[in-house]
Amino acid sequence: MVTGAGRGIGAAVARAFAAAGAHVVVNDLDAGAARAVAADCAGTAVPGDAASAEGLAALVGAARTALAEHGAEIDVWCANAGVAPTGGADAPPAAWAAAWEVNVLAHVRAAELLLPRWLERGTGRFVATVSAAGLLTMLGSAPYAVSKHGALAFAEWLAATYRHRGLRVHALCPQGVRTAMLDGTGPVGAALLAPTALDADDVAEALLDGLAADRFLVLPHPEVAEYTAVRAGDPDRWLAGMNRLQQGLERRGAL
């Protein structure tokens, strides 16, 4: 099951799973996009809201019904749907609410619905598309950076709590990816992320490799591991470097 799979990373992940032999359920708010990707995957389209409690309950129920026709269950849930509002502490309340609902609570609500059966079976995989912003930060977008940290924290909690009961959890943390979301970041994304941006297919390949290796952190950009080590080992140095980037963006008029 892949949410937000009508385009971008989600669509690439859906196609990669299908190529590996999975029956894929494709979700997106855009029904036409979901159906198009599902057709590419020989999968099942289940359009709808993957964030609200009501929407997720309907989505999980529809996915289980569709998979039951193939004698299957939800084995892997890819919580990929996300939003990236811009702004800082002054971002509108609606932007903060949307980031919290889609980037964090959607993961919590999905896990609440999925865990009982997974724990009973003793197997299941939860994949959270977190982004490198969840390990580091994202200049120009406090709601995105903060909510992605929350998504990573929840994924870590799931892994620490249920690993011995068969649950495997993976946090997919790319930097820039050539998608509409990157385009929407404007000058900041063009300056910080575009130079090293990957194609969505590269991210999907990295995810399948991470699942095969049973890695919690999946880093399509390997350099993110180095940045994370510096952040953890010398936070003052890391914050000083990030502030220099901020100042440079301000001088260029990107922020």
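Is Thr179 buried or exposed? Thr179 is buried, because its relative accessible area is 14% and buried means under 20%, with exposed over 50% and partly exposed in between (1.4 Å probe, protein chains only). The model is predicted: local features need pLDDT of at least 70, side-chain atom pairs count only at pLDDT 80 or more, and totals for chains, interfaces and linings use all residues. Residues are numbered from 1 along each chain as its sequence is written, and side-chain values use heavy atoms, with hydrogens and water left out.

The whole chain comes next. The protein chain holds 10 helices and 6 strands. These are DSSP runs, numbered from the N terminus (helices are H or I, at least four residues; strands are E, at least two). The radius of gyration is 18 Å, which agrees with the value near 18 Å for a compact globule of 255 residues. That radius is taken over C-alpha atoms, and the globule rule is 2.2 Å times the number of residues to the power 0.38. Along the principal axes, the C-alpha atoms fill a box of roughly 60 × 40 × 35 Å. Of the 255 residues, 47% are buried. The accessible surface comes to about 11500 Å², and 56% of it belongs to carbon and sulfur atoms. Such areas come from the Shrake-Rupley method with a 1.4 Å probe; for residues, only the protein chains shown count as cover. Among contacts (heavy atoms within 4.5 Å) between residues at least 6 apart in sequence, 62% join residues at least 24 apart.

Empty space was then searched. Rolling a probe the size of a water molecule over the atoms shows where empty space is left. On a 1 Å grid over the protein atoms alone, a cavity is a set of points where a 1.4 Å probe fits but cannot get out; a pocket is an open set with protein on both sides within 12 Å along at least five of seven lines; lining residues have an atom within 4 Å of a point. Grid points are joined across faces, edges and corners, and a volume is the space filled by probe spheres set on the points. The search of the whole structure finds 1 cavity of 30 Å³ or more. About 40 Å³ of space lies in the largest cavity. The elements that give two or more residues to its lining are β3 (76-79) and α4 (93-121). The largest share, 4 residues, comes from α4. The lining residues include Thr3, Trp77, Asn80 and His107. By class, the lining has 8 nonpolar, 3 polar and no charged residues. Here Ala, Val, Leu, Ile, Met, Phe, Trp, Tyr, Cys and Pro count as nonpolar, Asp, Glu, Lys and Arg as charged, and the others, Gly among them, as polar.

The second largest pocket holds about 200 Å³ of space. Of its 14 lining residues, Met1, Ala22, His23, Asp75 and Val76 are the closest to its centre. This lining divides into 11 nonpolar, 1 polar and 2 charged residues.

Leu114 lies in helix α4 and counts as buried at 1% relative accessibility. Leaving out residues up to four places away in sequence, Leu114 touches Arg64, Ile74 and Trp77. Thr179 sits in the loop between β5 (167-172) and α6 (180-183). With the neighbours up to four places away left out, Thr179 touches Gly8 and Ile9.

Ala42 is in the loop between α2 (31-41) and β2 (44-45). Ser131 is in the loop between β4 (124-129) and α5 (142-162). Ala42 is exposed, at 62% relative accessible area, whereas Ser131 is buried, at 10%.
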